[in-house]
Structure formats: C-alpha cells, structure tokens
Amino acid sequence: MFDFLSDYNNPTLLGAFWMTVKLTVISGLGSLIWGTLLAAMRVSPVPLMRGFGTAYVNIVRNIPLTVIIIFTSLGLADVFGVTMGASDFQVRGFRLAILGLVAYTAAFVCEAIRSGINTVPLGQAEAARAIGLTFSQTLRLIILPQAFRAVIGPLANVLIALTKNTTVAAAIGVAEAAYLMKGMIEKEAQVLLIGAVFAFGFVVLTLPTGLLLGWLSKRLAVKR
Amino acid sequence: MTEVSVAKEDMAATGELVVLKSVNKHFGALHVLQDIDLTIARGEVVVVIGPSGSGKSTLCRAINRLETIDSGAIAIDGKPLPAEGKALAKLRADVGMVFQSFNLFAHKTVLENVMLGQIKVRKADKKKAEEKARSLLDRVGVGNQADKYPAQLSGGQQQRVAIARALAMDPKVMLFDEPTSALDPEMINEVLEVMQQLARDGMTMIVVTHEMGFARSAANRVVFMADGKIVEEAVPDQFFSNPRSDRAKDFLSKILHH
C-alpha cells in the first residue's frame, strides 16, 4: 500500500521532512532573536524605536506569508539581486525562505513576549532601577527572563504555527514536505493516503513540541 | 541619636545629604506635591507620616526619581538628580530603596537577589559579592534562607531580604516606602527591629510609615504631610505630645487613642 513512497528520492520522504525540520529550527531561532529585539524596541523609552517596532509588527503580521515568501524570491532575489550568497537555486530558495519566515514569525514572537512583559509586575522594574541597573540591564536580567517564562505556552503556539507555515516555502521551490506532497499527488492515485502520510508527519513534529513546551512552561513558571 | 548625626556632620564637607527645594508634582489635576522644601542631614533619620493620599509615598519615590517632578530641584550629596540614563542609574545605586510590596526579583534566589546589584552595578567579583550577601543576610536574620526563592519566604523575611539587597549597594541614604504596610501584624516587629538597628548604626534614613512606635523611638525628626504639603516638622516627642497644627492634632487623635 505504501510502496509508492520509496519511489521518490529527490527528495525522499525523510529528506523532505528533514528540510521541514531545518526550516523550522533555523527560522524558530531567528524569529526568537528578532522577535525579542522587536519586543525590546516596543517597550523602549526611545520613541523612534517604539514607533519602528509598532509599525513593523502591524505591517508584517497583516501580510499573508505566501506574499512575503514569494516576494523574497521574485522581489528581493530577482529584482534587487539579494541572493544571500547562494548561487545554487535550491540553496538560494532555502535561505530566502528562512529570511521570509523569520521576518513574518518575529512579529508574532514579539507580541507574545510583549504580553509576557505585561505580566511582570511594575515593582520588579522599579526595584531593578532602584539598585542602579540601567534600562537594558533591567530588561535583560529582570524583565525578559520572567516574561519568557510566562509566555512559553503562547510561544509554543507560534512554533507550531511556524512548523506548519514552512510548507509555504514550497512556493519558491524549497524541497520540503509540502513540495514532495504536491509532486506525489500529481503522479500517484492514492491522494487520501498521501494526505494522511503528510498530515501524520506534521503531527509527529508538532505534538511533542507542544507537550514538551507545555511541561516546561509549568516547570519554569515564576512563583509570586 | 543627636550625637551620631553631629559626629557625622563634622566628618562630611557638608551635612546636607538630601535637599529638596520647592518641589512640585501633579497627577493630572491633583497637586500631589506642593512646594516641598526638605533637607535631610547625614546620619539623620526622618520619618514621614500623614494620612493616605497626602503625597508622602510620592515624595519618597521622587527622591530617586521613580517619580519625576514637574518643578523644583532635588539634590543628593550635593549633586542634582540627573534626568535619565547612566548618570541616573549611578545615582540610584547610592540610594537604597525598600518598597511596600518588597519587589524581590521573583525568578532569583534570595542570595542572587542580594548579589545582583553588587556584580552588575558595582562590578564586584562573584566571590566577594557572595560573602557580602551572606553576611548581610545574617545581619537581617535570614541567612538560613539564602537558597530559597522569594515566594517561599514570609512577608517579614522577604522585606528583610529587600533591606539586605539595598544595603549591599552601600547606599548613602535609605528610602523606606511604607515597609511594613503589607505585613501581617506579627511580622512587623522583625522588620522594624532591623530598621532600628540601621538607625543606631548611623544610616541616613527617610521612612514613610504608619508605625508611630518606630517614629517615636528611632526618628530624629518627624515630618507630617497632608494634602501634598509639609504641615509640620518636629522632633518626635514634641510632635506626638504637643502638635502645633490642627491637621496634625486631628490626625493624631484618630490614630493614637485605641
């Protein structure tokens, strides 16, 4: 029944899901860093930074991911020649997809972290400032560590959404799971079976993510 | 008590440690601080009392600029309060602050709470910071709680840790913003005892409190505030036994006869 699966080797089924994992992990780390910086900007006392953070989040999160990903390829790469140091089409697509995924997901990470910052009582920041910590020290040492622990749950949602959003990279030719699925559906008769295989593959990736982060969020919760 | 402050004044170039000059502050339409003039000498313990909403907490918080002021001037040890940035952070390190709600860093252990400022602000090395933190925790009587998290401690213990955290910075002056108001009655004394010891050791202290017993026994001067103004200043004995203003008489009659 599953014979057809072994007929594919560019990419193989495992290879395609491995690409999905790579996209997810690298974009996940990238958007965590960029999203944190954006959140820092949104709470900073400098109006210009606050304005930039707010504008970025409100513009980027309201553009469909497909538009962003296709823009990275057709706009950034083809029009502006931004190929991110890659000559090979596959590598270029991979890097541009990560750029697009980070740019998009960071907006959601930023909002999750900002809601976490709002759960930290004002007194924590006052006490930090009162012992002479600067704004950035207060943010790094006191506010963000507590904010992160409060939003592990929401961040897990963002990560799960990101895992599934990596399928949009197929639109610019990145050979990940959805790309392979599209190829299979064109050539094989067992459409329902193919759908089930890929759905199962994604559940295998995201279910443990959700469970692990749910457990971590309970374990690391700050007691007040 | 007076001898202590006199001796300290002799050592310092100037006896005036905290000076407020015609300080004004509004919260919207509410004029919460009205032309406040107040000078605190080195080694002096000043207790600020008054009814709720009289501006005493705001006054206390304005001294290390947790509240900005609309007009007037505040100087600490001869230097005017900087507006923002590194200079302000540096000045705040010299001003210890103890809050009503303790505000210990909830994600750090008691020991880490007392070490953090030494390491990150004073740039002390870790070993020295830990030694000092442990000795301060012993001094306030919570040395055996060093590795616990704040939420595992009683209110009184948390507040004593907060005092240790402020002392770890070697502050020139300590501000107490209603330090016992959030405590269960049986825990108030353990905190007041630590504060009295500090006062005896010659620390300059500005204490906003409702603890009249502490004001009587530890204060060099009582400042009575009402409706955003300083209504009366006097030594404790004189203030409690013979208040001059009607506002103070009224306030004392409401709280003292029970």
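Visitor: Which residues in α6(B) are buried?

Guide: In α6(B), B:G156, B:Q157, B:Q158, B:Q159, B:R160, B:V161, B:A162, B:I163, B:A164, B:R165, B:A166 and B:L167 are buried. This is a predicted model, in which local features need pLDDT of at least 70, side-chain atom pairs count only at pLDDT 80 or more, and totals for chains, interfaces and linings use all residues. Residues are numbered from 1 along each chain as its sequence is written, while chains are lettered from A and ligands numbered from 1 in the order in which they are written.

Visitor: What makes α6(B) mostly covered?

Guide: A residue is buried if 20 or more other C-beta atoms, placed from the backbone, lie within 10 Å of its own. In α6(B), 12 of 13 residues are buried. They pack against β6, α4, α5, β7 and α7 of chain B.

Visitor: Why does the span of helix α6 of chain B agree with what it should be?

Guide: The expected span is 1.5 Å times one less than the number of residues. Helix α6 (residues 155–167) has 13 residues and should therefore span 18 Å; its end C-alpha atoms are 18 Å apart, which agrees.

Visitor: How many residues of chain B are in contact with chain A?

Guide: Contact means C-beta atoms, placed from the backbone, within 7 Å. By that rule 22 residues of chain B are in contact with 19 residues of chain A. The largest share of the chain B side, five residues, comes from α3(B).

Visitor: Where in chain B does pLDDT stay under 50?

Guide: pLDDT, the predictor's confidence in each residue from 0 to 100, stays under 50 over residues 1–13 of chain B. Where pLDDT is low, the predicted coordinates should not be read in detail. The mean for chain B is 89.

Terms used:
Contact = placed C-beta atoms within 7 Å. Helix = DSSP H or I, 4+ residues; strand = E, 2+ residues; numbered from the N terminus.
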